[in-house]
Structures are given as structure tokens and as C-alpha cells.
Amino acid sequence: MGFVGDTQKIDRGNGSADKGGCFFGGMKSLVRRKQVDSANSKSGSAHQLAKALTVPHLIAIGVGSTIGAGVYILVGTVAREHSGPALTISFLIAGIAAALSAFCYAELASRCPSAGSAYHYSYICVGEGVAWLIGWAVVLEYTIGGSAVARGISPNLAMLFGGPDSLPTFLARHTIPGLNVTVDPCAAILVFVVTGLLCVGIKESTMVQGFVTAVNICAMFFVIVAGGYLGFKTGWPGYELPVGYFPFGADGMLAGASTVFFAYIGFDSVASTAEEVKNPQRDLPMGIGFALSICCSLYMLVSAVIVGLVPYYAMDPDTPISSAFASHGINWAAYIITIGACTSLCSTLMGSILPQPRILMAMARDGLLPSFFSDVHKRTQVPVKGTVATGLLSGTLAFFMDVEQLSGMVSVGTLLAFTMVAISVLILRYVPPDEVPLPSSFQEAIDSVSLRHSGCNSGSDIDVETTKIPAVTSGDSTPLLVEISVGHPLVEKAAAKLNYLVRQRRKVAGWTIMFICIGIFILTSAASIVSLPNPARYTLCGIGGFLLLSGLIVLTCIDQDDGRHSFGHTGGFTCPFVPLLPIACILINVYLLINLGGATWARVSIWLLIGACIYALYGRTHSSLKNAVYVPATHVDEIYQTSANSLAC
């Protein structure tokens, strides 16, 4: 490879290409990767998001986005159908599974602290095509998720006013005659109020979310304290059962863990605000970790109390917590629990609308969406246009549509993002990008630096006996200047062999990561499709398990790339137990994805197909990387400095 990367040879920037370049250029666009945002790469941006968030703000966003009203319902449903009294362990297992993704998010968020979350990480580590699909799926996730949450607020508010039909007329639900459409003005108004609040500023909206989340946590503490008192007073009747602690066995407990796993999927909202964090290398991992720990602790305590107050088979699947208190004669507790449900829904609504404008902004910055979404308000330093567009779309859906049947699509976007983040961690550790795309406007500086290095390496102008030349390390992207004898044939042969071994190691690591993903897909598919004949099922499980185990052994035995130390922003969190932890994360998320059901995947496939068409017609041709010149990562700072010096002159 020369100084300029191979991408430039295919895409010449003016629309022309070599023979067959149209096809190969189109394929190449799917795997072109962007640069980690840095002070240099952002220097030409007119407006940036406000650096206003600290650890308490991130905890408020994470806890508020994660603890929704689902916990007030999941406790009853999962206990009755899957876990029984072992519901607490189901929440613990689900929390541990979510922590695997949280570790991966923490490393990438601190290394690449920019808006866009999983879309941004995929673009840097995997490629433009995958990044577009992840961004497109996450947009669907937040749109439908926000609308579904908003539709759930009005029934809970009605309970505070005395009953299902107690809301004022202008807020109550109405059915349009002849259309069989039930409109929800309350849901739409709440979405618009939250949208306006988010437009004021990230710090102000986060403070409000923190207050609302605090009210919800107080309601959950009431459940824990008051329920614990009742349990000790009555002798915990829910645990004194002849069927024991595991009435559905270990399989039921694991099935319950798979169900309640989705109660933890809000912490990725923290990563979407990375660009607005004052000290992302320290604060982002702490915010994600503390938020997940608080949520897991609250879930486990609430579930432990409720399944102890009432036998699991007698729990109300719709109102398990309030009915548990009512069974002990404390009917007034229903009002406190309803307040907690309302505040948790409002907080989750804010957590659903907050990330989407930032993802749209990141995609627009990269040229994959119109620049309309990338505008940042000068005073509030918030992507106001994207926020308003998000609010209008979510509010309209919340007003006209009952999106409960589409709620499974929310999980697809989240699990796809979790999976891609874990894959990105493996790529970062073993095959980090060793080329960086720069705009064609840097061509003069690139040529100058290239000529300078070519002159330094030419034998006519240097001392042949002893000089400083690049010696390739195991990273292949961080050459070190060491003093060696160029003319000695043994040294030259050793350097060439080391360079060859390093490149082979990177190829082996890249192919191994791909085979691990294929093995996981085969294994989880065969394990989930019960209609397959047993011989075929066991054979596929064996093939998938062999690929997975072999890949894990290979990655464990080979060295991680030294280039990971200089990738992105250094000094942040480092994910432990690589490659085991990211591979376990991929396995869990792919298994959950496959088990979401055919109807959900049919709807999502239509959305992804629409996204693929938009990318082919607009994103691929307007991408900021269309005319990019790829250069070795080790020369980027020198090129920026050369360009700055030429402008100063």
C-alpha cells in the first residue's frame, strides 16, 4: 500500500472510474469508514453541541430512559408465566446480560465521543452501509418507542382523576366515526411539550428529566419499604409455596430473563449525548455504569418484594403492584404507584425523543441525510430542526395510531445496535482502521507530506549505512523510528518478514471475527427453529458451535493490535475480558433478535428496504466520504499541520 489508500484508486471523486469501477465503486462505498471526530476534524464546523453534561446528568438520562412503566407490568406477567418467585434472579441475569453491552458502549463512547451512538461507532469500525442500516433502524426504534410511550400515559393519568373515562374532554381519547381510529390528544400534547423542552437546551431538559425520574424512584422506594414491612408482617406468603422457588425450573427463569432484558435497553440514550459531555473519557463510562447499576438494583428489590407479598399464580398481570397492596388492605397505595407509572412514562418519553435528533444530525453531517438535520441553534446549541421534526412525527403517530402492535420493532433497532457495538469492539481491538479519510481539499497538503516522506525514504539522499526508518510494530499503523542498518541484508529480511506477519495476523483476525458472527447466527438460528428435524438441527448447532469456539480460541491466542492504543481519544474506559465478553454479548443479542418473531421481522424488513433505497438514491452519492482521500493514520496530524501552515502563509 502506498501513501494514499486504495479507495482513492477506485473512486476518483469526479464520477469517473476504472474499468468496472462503477460496480466496484458502489460496493466500496458500503465499507468505507470515517474518521474518529477530533479537534482537527471538527475545526471547520460552524456550530457544535453544548458541552454541558456531567455524571449526574448522565445518570438522570440513563435511569429515566431505562425505568419505564414496564416494570409496573412486567413483574406480574413474567412471574405468572415464566419465573415465579425466581423473578429476582431473572432480573439479575438480564442485568448482567445488559452489562455486557454496557461495557462495549462505555469503551466506544469514551474513545469516540460524538453524536450518533451505535451509528457513529459502526461507521468508524465497520463501514458506511452497515452504519446507515443501524442508524435507520435506531430512528425507527425511537420514533415508535416514543409514540408507544406517549399512548400509555393517558390511561394512567385517567386513573389519577378517578377512572378510565375521567380525563377532561379535550384530553380524552375519541374514536372517529366510520374510520375506526382512536385519537389520543393527551399523547400528542405531551410529545409536543417534551419537544419544546428539549429545544430549550440539553442542560435544562436534563434537569427536568432528573426531577421527574426522582419522583419515580421515590414511588419505587415506597413500594420497596412499605412492601417489605408488609412482607415481614405477614410472613412473605409468596415464598411459602409447595412448588418451591423455581416452579417453572431453570428454563422458565431464563425465559423470564429474556423477557425482562428489554427493561434495560434505555442506557444507550446516554451514549447518544457523548458530544455534549464535558469530560467524556471519564463521565460517559461512569454515567452508563451507575445508571445500569441503579436500574438493576431497583428492579430486583421491587420484584423481590412483590412476588413475596402475593403468590405468583395469584398476581394481576395488568396491575401487579397495586393489586398486591390491595390484597393486604392498602388500596390508597394505588395512587402512589400510578404517580410512579406516570412519571416513569414521562421520563421514558423524554429519553426516547432526546437521542433521535442527534442521530439524524450525525447522519446529516456525514452527508447521508439532507443538511437540514445537521443545523445547530446558535444560542441553545441544540439541533432544533431535527428535534422539531422528531416531535412532529412522534406526536402525529401518537395522536392517530395505536402503535402497540409495532412495539416489537423497537427491540429490533436496539438489539441490532447492541450487536454492532460488540462487533465494533472486536474490530477496534484486533483490526483497527489504519487509514483515515480526509476531504479532497487537503490534497495539496497530502501531496506535500507524501513527497516529503518519499524524499526521506529515497536511497540517493540518505546515508546507506545507518539511518532512521519506519519499523513496523504489531499494530501495522504505528511505525516507530528506530536506528538500524539499512544496508544489512539480515535486517532488511527480518523487517520484511515482520511486516508480512503483521499483515497476515490482521487478515486472520478479520476473517476470524467474520466466522464468529456466522457461527453465532447458525447456532442461534438452529437452536430457535424448533420445526427443524432433529438431525439437521443438531448438525447446524454443531457447525455453528465449532465456528464460534474455534474463533474464540484463535482470537484469544493471537495478539491484539497495537493500533488500538492510539485509536480515537485515549484515556477512557477499556472493556474487560476481550474477546470473550463481546462475543457473549453478540451471542445473547442475536439469540434475542431471532426470537422476536416472523411478523416483527416482516415489518422491520420493509423499513430496512426503504432505508436501503434511500441510501442508494441519496446517501451513497452525497456521502462526505465520496471524494475522500485515504491516508495512513500516522500521518494525519502532520497533514493537518501542513495545511494549517499553508493557510497561515
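Where is Pro579 found? I located Pro579 in the loop between helix H20 (534–557) and helix H21 (580–594), where helices (H or I, at least four residues) and strands (E, at least two) are DSSP runs, numbered from the N terminus.

**Entry 1: ground rules**

I am working with a predicted model, in which local features need pLDDT of at least 70 and side-chain atom pairs count only at pLDDT 80 or more, while totals for chains, interfaces and linings use all residues. Residues are numbered from 1 along each chain as its sequence is written, and side-chain values use heavy atoms, with hydrogens and water left out.

**Entry 2: the chain as a whole**

I noted 23 helices and six strands in the secondary structure of the protein chain. Of the 649 residues in the chain, 51% are buried; buried means under 20% relative accessible area, exposed over 50%, and partly exposed in between (1.4 Å probe, protein chains only). Among contacts (heavy atoms within 4.5 Å) with a separation of 6 or more, 83% are accounted for by residues 24 or more positions apart.

**Entry 3: backbone exceptions**

I kept in mind that most residues other than glycine have a negative phi, and most peptide bonds are trans.

I then looked up Trp236, which is not a glycine and yet has a positive phi of about 50°. Trp236 sits in the loop between H9 and H10, and its relative accessible area of 18% makes it buried.

Gln381, also not a glycine, has a positive phi of about 55°; I placed Gln381 in the loop between helix H15 (355–365) and H16, and at 32% relative accessibility it counts as partly exposed.

**Entry 4: H3 against H9**

Two packed helices are described by the angle between their axes and the distance between the axes. I recorded that helix H3 (residues 55–66) and helix H9 (residues 202–234) pack at an angle of about 55°, with their axes 9 Å apart; axes are lines fitted to C-alpha atoms, for helices over the stretch in contact, and angles run from 0 to 180 degrees between N-to-C directions. That angle makes H3 oblique to H9, given that angles under 35 degrees count as roughly parallel, over 145 as roughly antiparallel, 65 to 115 as roughly perpendicular and the rest as oblique. I noted the crossing of H3 and H9 as left-handed, meaning that the near helix is turned anticlockwise from the far one by less than a right angle, with right-handed used if it is clockwise. The residues of H3 that meet H9 include His57, Ala60 and Ile61, and their counterparts in H9 include Lys203, Thr206 and Met207.

**Entry 5: H5 against H10**

I followed with helix H5 (residues 87–111) and helix H10 (residues 249–260), whose axes come within 8 Å and cross at roughly 55°. H5 and H10 are therefore oblique to each other, and their crossing is right-handed. The contact is made by Ile89, Ser90, Phe91, Ile93 and Ala94 of H5 and by Met253, Leu254, Gly256, Ala257 and Val260 of H10.

Leaving aside residues up to four places away in sequence, Ser90 touches Ser83, Met253, Gly256, Ala257 and Val260.

**Entry 6: Thr387**

I looked up Thr387 in helix H16 (residues 384–400), and at 1% relative accessibility it counts as buried. Not counting residues up to four places away in sequence, Thr387 touches Thr195, Leu198, Cys199, Pro357 and Val382.

**Entry 7: the bend in H22**

At which residue does H22 bend? I found a bend of about 50° at Tyr615, the bend at a residue being the angle between axes fitted to the seven residues ending there and the seven starting there. Helix H22 (residues 598–622) has 25 residues and reaches 34 Å from its first C-alpha to its last, close to the 36 Å expected at 1.5 Å a residue, where the expected span is 1.5 Å times one less than the number of residues. Tyr615 is also one of the buried residues of H22, together with Thr600, Val604, Leu608, Gly611 and Gly619. I set beside this list the point that an α-helix has 3.6 residues a turn, so residues three or four places apart point the same way.
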